[in-house]
Amino acid sequence: MTRITQDMDIASMLAALRQADGYYITNTARDMSQSDYKNRILLHTDLLAAPAREAAGYFSLEITGGASVHVDILRKQVDPFLKLELLRQAMPNTMFQTLCRGLNLFGYRPYPANVIRFTVREFAKYVDVWRTFDFLNHVPNMQAVLEEVGKAGKINEPCICFSTGPEHTDAYYVAKVGEILAVTGADITLCIKNHGGLGTPRRIGALVNAIKQAYPDLIIHYHGHNTDGNDVGRITEAVLNGAKIVDASDHAFTGYYGPPAVLTVIQTLKDHGKTAVGIDEAAVIATSDAIRDQRPHYAQFESQIKGFQPTVQIHKLPGGAMGSSLEQAAKGGFLDKMPDILHKELPKVQEELGNFWSVTPGSQILWTTAVSNVQHGRYESPSGDLKNLLLGKYGPFPFYQPADWIYEKVFGEDWRKVLAEQGGAEAISDMDIEQERKTLTDRLGYEPTEQQLVIYLQHPNDAVNFYKFETEFGKAYVLPPSIFLRQGGFPLGETLSFRDHCGKEHMIEVGPVQKSADGHTNVYLNVDHHERVYVFEPVKPAGAAPAAAKLSKEEIAELAKAGDFRAPFAANVSAVSVKAGQEVAAGDQLLVLEAMKMQTPVVAEAAGVLAVVSVKVGQSLQPGDKLVKVDVKEG
Amino acid sequence: MIDNLGNKVTARKIMAEAGIPMVPGTQNLQAGEAGLQEAVAFGKQYGYPIMLKATAGGGGRGIRKIEQEKDLKDHYAMARAEAKAAFGDDSVYLEKAVVKPKHIEVQIIADKKGSTIHLGTRDCSIQRRNQKLVEIAPAFQLTPEQQEAISQTAVKAAKAAGYFNAGTVEFLFDNGKFYFMEINTRLQVEHTVSEMITGIDVVRTQIKLAMGKDLSIKQEDIHLRGHAVEMRINAEDPKNNFMPEGGKTVRVYRSPGGYGVRLDGFCYQGFTIPQVYDSLLVKLTVFGWSWNETVDRLRRSLNNFVIIGPKTTIPFYLNLINDPDFKAGSFDTSFLETHEQLFNYEEDSSEVNKLAHLIAEIHCKGGNAYAA
């Protein structure tokens with residue numbers, strides 16, 4: 001009955017897990033951040049929690065992976081590798097865990113095999129437990145990651161994604177476990193990934209039992225979400241039926257859609273005679289005491305809708321996507337349509353599209369399709385990713401293929417031909433990593449590290465922006481949320497203190513703000529007793545540029561036929577594939593738009609010469625904004 | 001007077017006759033091919049490099065350095081054409097180049113009756129493109145004997161020329177030897193450092209002399225004490241070959257003050273750097289009783305400047321005053337060329353300033369755009 005520490009070898013670790021009479025706990029701080037705080041919990045807070053979390057004796061701390069790698073660089077301005085390095089210094093004994101989306105790594109679409117292997121190799125230097133899944137439970141999609149984790153000598157934790165419905169039987173899942181074990185061998189921990197927090201406690205207990213009947217020695221790690229408020233019940237049944245590791249997090253920050261509180265799990269299972277192995281309850285309590293006062297600073301990122309959502313059993317959105325979905329609804333002004341989207345359209349779309357698992361990137365496809373169906377008519381404006389799903393680019397449908405009428409709606413009358421010509425998983429050829437290194441060197445103006453290159457290969461533009469941010473603003477992770485996430489500015493005379501990356505203490509006193517006649521703003525700060533002034537250019541008032549006349553969907557389509565391409569919806573430009581002066585043929589990709597993490601290519605409707613490119617990568621667009629102009633060839 | 005001394009060749013002639021040590025050089029070269037032949041012969045006699053100078057030039061302009069005989073012909077023609085265009089006089093002359101000398105000069109003041117005093121030496125070796133950036137009084141790396149000798153020589157030179165009013169006698173100093181260069185017949189930018197170490201108001205004295213009054217101070221009344229340094233705060237980008245920042249507007253201007261800090265300038269918030277004039281914003285002159293104290297005060301003063309809008313020479317100077325050679329006083333006119341590391345600075349580079357910039361932006365915009 002021992003605590004598992006980072007320095008143990010895998011064999012003794014697995015032996016300890018198998019022999020344990022109780023159960024172990026993973027603190028899923030990352031999932032809590034992603035589900036209940038839109039991924040914004042800062043490294044600063046995790047470092048505050050680190051000493052107590054280290055003392056608490058968890059099996060592992062899930063602190064990276066999922067969407068967090070992207071959000072680290074995009075919204076938290078922290079280097080995902082530096083984060084792990086600093087946490088490792090603060091927590092030498094605790095294993096670190098990640099959540100990896102298989103072929104899609106920490107992103108939203110498949111990466112080439114050499115990028116996957118390179119990424120896993122670099123992250124495996126810090127990450128001990130690799131929870132890997134595929135949203136279609138298609139084991140080949142996880143293979144490259146599983147192999148590299150094995151090579152790095154780290155713990156493989158492949159997942160069976162769990163959902164409910166007539167197809168989701170014990171027999172199906174037990175067979176799936178067999179398929180995984182055939183690839184990995186027995187020295188793994190197997191995760192039941194219940195990202196939606198679906199099913200009843202009884203259902204989960206039965207599933208764990210079925211798997212244990214088939215594979216008595218297999219170590220089962222139950223992962224759930226508390227969206228309906230009932231995950232402690234599912235955890236209890238999982239443990240009573242033989243699961244050896246379960247997920248929970250710190251009660252000072254638990255919310256609605258993420259993990260339940262560690263302490264509640266411990267208290268509940270104690271009454272069943274089950275002990276949380278290695279756990280120091282006092283340290284669990286101390287962790288929450290250490291970070292409780294930080295929570296108010298994250299209030300702006302908490303859910304737009306407060307309270308548990310038992311209707312998750314109907315819409316099945318994963319906890320990790322609840323926050324961002326509601327945020328999109330609020331920003332997009334359709335929060336009032338949520339009951340229709342969540343309780344009517346989404347379940348319908350789920351069923352129509354094959355009842356696969358609503359988890360990244362499948363959850364985004366289901367969600368955007370449901371939203372689009374409600375807003376623009378059913379399957380009237382399919383995203384590029386929905387098309388790829390229907391074409392089988394992500395892998396085969398697990399139970400059944402969507403009905404013909406959906407294919408017809410999405411691909412037109414000739415859909416059978418399209419499917420025959422373009423269908424099936426595409427072999428993604430390796431990327432020329434050395435060429436990418438050169439490109440990154442040019443963009444940064446210096447030779448990147450391996451770690452910088454890894455981040456760049458996954459999120460090229462956001463990585464470059466982040467590294468430039470660091471050059472300009474330094475290592476901003478040192479700022480507490482009370483500064484980094486402050487809204488409405490600082491009161492005159494407020495004193496801000498923090499310790500920089502090199503360990504030096506600083507004090508900044510907020511001085512006056514002065515606006516000059518030409519619109520410049522001077523901000524006076526007293527920095528370590530030296531007066532400093534920072535000047536900001538005037539902000540162009542919104543609406544200064546003449547607003548594009550509102551175009552209807554039909555008008556936009558008509559203009560496109562004439563070669564005048566307009567943004568069909570609010571989006572960001574994620575790639576521009578053409579240059580002015582270039583000849584294009586019908587069907588050539590002109591650019592790629594991204595909205596709600598889904599990409600939609602814009603293709604030439606007829607052959608011609610590209611006359612004007614009006615956008616650049618990263619630009620955000622409103623519907624009707626000019627994209628490119630093609631001089632269509634006559635005849 | 002300016003007629004005599006503003007013409008460098010006349011000045012050389014007067015000085016040679018008075019026995020003032022001089023770098024070997026020529027009279028005005030003859031016109032055309034004959035002049036070129038004179039130059040070739042001079043090069044053969046004294047060796048290269050040699051300096052080809054416009055007789056009517058000044059302030060570092062109209063000077064060309066010639067490394068070898070085969071370059072002479074082209075430079076000769078161009079130098080004449082340029083001198084004609086710039087100064088309306090195409091006369092040129094030659095001097096042997098003293099490689100890596102110190103630039104040492106002496107402030108002198110003389111009245112019409114011929115009483116002439118000096119205010120000690122100045123070291124103006126730190127230059128860019130032959131134009132001064134930093135001036136130090138006294139030239140403390142010279143021994144007291146050398147300082148005395150060079151000052152007396154300056155007085156002698158001024159008397160020889162019959163010089164009246166405030167002026168500067170400039171020397172090249174190399175390996176303990178010094179050579180007369182020229183007499184500047186005007187008040188120079190760097191007169192402030194001499195004022196700081198002597199307590200003499202040179203400008204007031206100059207006006208009084210011009211009004212015909214006699215010099216009321218004697219040499220024995222002049223006491224040199226402490227150290228003074230002037231740094232020219234220019235609106236220039238040192239990293240880009242000191243390119244002037246003409247046309248930019250000073251958005252914020254805050255200046256240092258306190259004991260031993262003197263500012264001569266006219267810069268203010270809203271001032272736009274003119275495109276056509278000098279890029280000098282303000283002269284920072286700092287006094288201290290010891291050299292270390294002076295350098296510390298320079299650092300404080302430079303750090304207390306806030307000039308936002310144009311790039312300035314301030315971050316470059318902050319780098320300069322931390323240079324071990326500068327601190328040791330070990331520099332000559334090649335200092336910037338031999339200390340390229342001085343140009344490796346970042347504007348506002350410290351980690352805390354970067355973070356403060358982010359905090360200012362969060363404050364200004366009412367939220368963190370990088371976390372939105």
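The exercises below concern salt bridges and a domain interface in a predicted model.

**Exercise 1.** Find which chains the salt bridge between Asp518(A) and Arg251(B) joins, and classify the exposure of each residue.

Solution. 
- Step 1: The closest N and O atoms of Asp518(A) and Arg251(B) are 2.8 Å apart. A salt bridge requires a distance within 4 Å.
- Step 2: Asp518(A) lies in the loop between strand S10 (505-515) and strand S11 (521-527) of chain A, and Arg251(B) lies in the loop between strand S11 (243-244) and strand S12 (252-254) of chain B, so the pair joins two chains.
- Step 3: Buried means under 20% relative accessible area and exposed means over 50%. Asp518(A), at 40%, counts as partly exposed. Arg251(B), at 23%, also counts as partly exposed.

**Exercise 2.** Describe the interface of domain 2 and domain 3 of chain B.

Solution. 
- Step 1: Domain 2 covers 101-225 and domain 3 covers 226-372.
- Step 2: In domain 2, 28 residues are in contact with 30 residues of domain 3.
- Step 3: The two domains bury about 2,500 Å² between them, with 60% of it on carbon and sulfur atoms.
- Step 4: The interface holds 4 salt bridges. Glu190(B) and Arg232(B) form a salt bridge at 3.2 Å, N to O.

Terms used. Residues numbered from 1 in each chain as written. Chains lettered and ligands numbered in written order. Predicted model: local features only at pLDDT ≥ 70, side-chain atom pairs only at ≥ 80, totals over all residues. Heavy atoms only, no water. Domains from an automatic or database assignment. Contact = heavy atoms within 4.5 Å. Buried area = accessible area lost by both parts, 1.4 Å probe. Salt bridge = Lys/Arg side-chain N within 4 Å of Asp/Glu carboxyl O. Helix = DSSP H or I, 4+ residues; strand = E, 2+ residues; numbered from the N terminus. Buried < 20%, exposed > 50% of the residue type's maximum accessible area, 1.4 Å probe, protein only.
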